[in-house]
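This note is written for a colleague who is meeting the structure for the first time. Please read the numbered points with the sequence and the model side by side.

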Amino acid sequence: MNQALLAGFWGLVGGSALVLGAAVPFIVSLPQRVIAAVMAVGSGVLISAVAFDLMDEAYHRGGFAATAAGFLGGALVYTIANIIVSRRGARHRKRSGSNPEESQPHASTDQGPGTNTGLAIAIGALLDGIPESVVIGTSLIGGKGVSAVVVAAVFLSNVPEGLASAAGMRQAGRSARYIFSVWIGIAIASGLAALLGNVALAGAAPSFVAAVTAVAAGAILAMLVDTMIPEATEATHDYSGLIAVAGFLAAFCLTKLGG
């Protein structure tokens with residue numbers, strides 16, 4: 001149980017970055033390039049985490065077949081779900097700038113979440129966060145410590161997402177209480193996903209854990225290419241590659257030093 005609670009704590013840490021990002025528009029106006037640079041770092045860290053932490057771990061646990069099937073399956077499921085939420089207004093949910101097409105709601109604020117762009121972004125954030133949180137939870141199975149690389153990558157990718165959605169919700173006339181209630185709820189859901197992932201998979205067969213880890217890896221990589229890299233390259237085009245490489249190298253060093 002202590003291990004499960006620890007998994008929930010680290011999932012909550014990763015999800016808390018959404019609340020931090022949501023608070024930024026209420027405190028200071030950051031240049032788009034600064035936020036995009038964070039995206040570029042996060043992209044590099046996530047690529048390293050997928051390659052050296054998740055896929056490698058899945059392969060050693062369950063072999064090639066379970067890993068490959070889970071990886072492709074995760075990307076497929078994420079893509080289908082992403083198409084659904086994108087059509088609801090969350091296509092650019094990790095966008096750090098103010099795009100009129102996305103920040104303006106397409107209907108009045110008293111209608112349901114399907115017509116509110118900001119809330120659609122929040123739903124998209126939950127979609128992104130579930131596989132990340134499950135990975136955090138499974139990384140503790142077997143008495144191992146939490147993957148610092150995965151937690152760092154999740155944290156870095158969540159800050160701009162919270163910022164983007166908070167900006168959209170403010171444009172839609174939502175109150176600060178409403179905005180922070182949504183994001184605190186999603187942060188708590190991230191913690192619960194990590195906790196439940198740890199509990200549910202603690203006694204599972206290695207091949208099944210491998211498949212679940214690979215599913216999360218596929219979903220994360222698909223999210224990375226679909227949302228984070230385009231935003232990072234749009235605002236920091238000349239330097240995004242170098243910044244991402246620095247993030248990748250930092251995560252690679254963490255992985256090797258931690259191992």
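This is a predicted model: local features need pLDDT of at least 70, side-chain atom pairs count only at pLDDT 80 or more; totals for chains, interfaces and linings use all residues.

1. Is Ala-65 buried or exposed? At 62% relative accessibility, Ala-65 counts as exposed, where buried means under 20% relative accessible area, exposed over 50% and partly exposed in between, with a 1.4 Å probe and protein chains only. Ala-65 belongs to helix 2.

2. Residues are numbered from 1 along each chain as its sequence is written, and side-chain values use heavy atoms, with hydrogens and water left out.

3. Overall composition. The protein chain holds eight helices and zero strands, these elements being DSSP runs numbered from the N terminus (helices: H or I, at least four residues; strands: E, at least two). From the N terminus on, the order is α-α-α-α-α-α-α-α. Of the 259 residues in the protein chain, 46% are buried. Among contacts between residues at least 6 apart in sequence, 85% join residues at least 24 apart; a contact means heavy atoms within 4.5 Å.

4. Helix 1 against helix 6. Two packed helices are described by the angle between their axes and the distance between the axes. Here helix 1 and helix 6 pack at an angle of about 160°, with their axes 7 Å apart. The axes are lines fitted to C-alpha atoms, for helices over the stretch in contact, and angles run from 0 to 180 degrees between N-to-C directions. Helix 1 and helix 6 are therefore roughly antiparallel to each other, on a scale where angles under 35 degrees count as roughly parallel, over 145 as roughly antiparallel, 65 to 115 as roughly perpendicular and the rest as oblique.

5. Handedness and make-up of that contact. Helix 1 and helix 6 cross in a right-handed sense; a crossing is right-handed if the near helix is turned clockwise from the far one by less than a right angle, and left-handed if anticlockwise. The residues of the contact of helix 1 with helix 6 comprise 20 nonpolar, eight polar and no charged. In this division Ala, Val, Leu, Ile, Met, Phe, Trp, Tyr, Cys and Pro count as nonpolar, Asp, Glu, Lys and Arg as charged, and the others, Gly among them, as polar.

6. Aromatic pairs. How many aromatic pairs does a search of the whole structure find? It finds four, where rings of Phe, Tyr and Trp (its six-membered ring) pair if their centres lie within 6.5 Å, and planes under 30 degrees apart count as stacked, over 60 as edge-to-face and the rest as tilted. The rings of Phe-9 and Trp-10 have centres 5.1 Å apart and planes at 70°, so this pair is edge-to-face. Phe-9 is partly exposed at 44% relative accessible area, and Trp-10 is partly exposed at 26%.

7. A pair between helices. The ring centres of Phe-26 and Phe-180 are 5.4 Å apart and the planes stand at 40°, so the pair is tilted. Phe-26 lies in helix 1 (residues 2–27) and Phe-180 in helix 6 (residues 176–201), so the pair ties together parts that are 154 residues apart in sequence. Phe-26 is partly exposed at 33%, as is Phe-180 at 23%. Elsewhere, Phe-52, Phe-248 and Phe-252 form one aromatic cluster.

8. Buried serines. Ser-43, in helix 2 (residues 32–90), is buried with a relative accessible area of 3%. Not counting residues up to four places away in sequence, Ser-43 touches Leu-224, Met-228 and Ile-229. Ser-240, in helix 8 (residues 240–258), is buried at 7% and, with that exclusion of residues up to four places away, touches Ala-40, Ala-232 and Thr-233.

9. A buried alanine. Ala-153 sits in helix 5 (residues 148–171) and is buried at 0% relative accessibility. Ala-153 touches Val-45 and Leu-46, not counting residues up to four places away in sequence. From Ala-153 to Ala-49 the C-alpha distance is 7.6 Å, across 104 residues of sequence.
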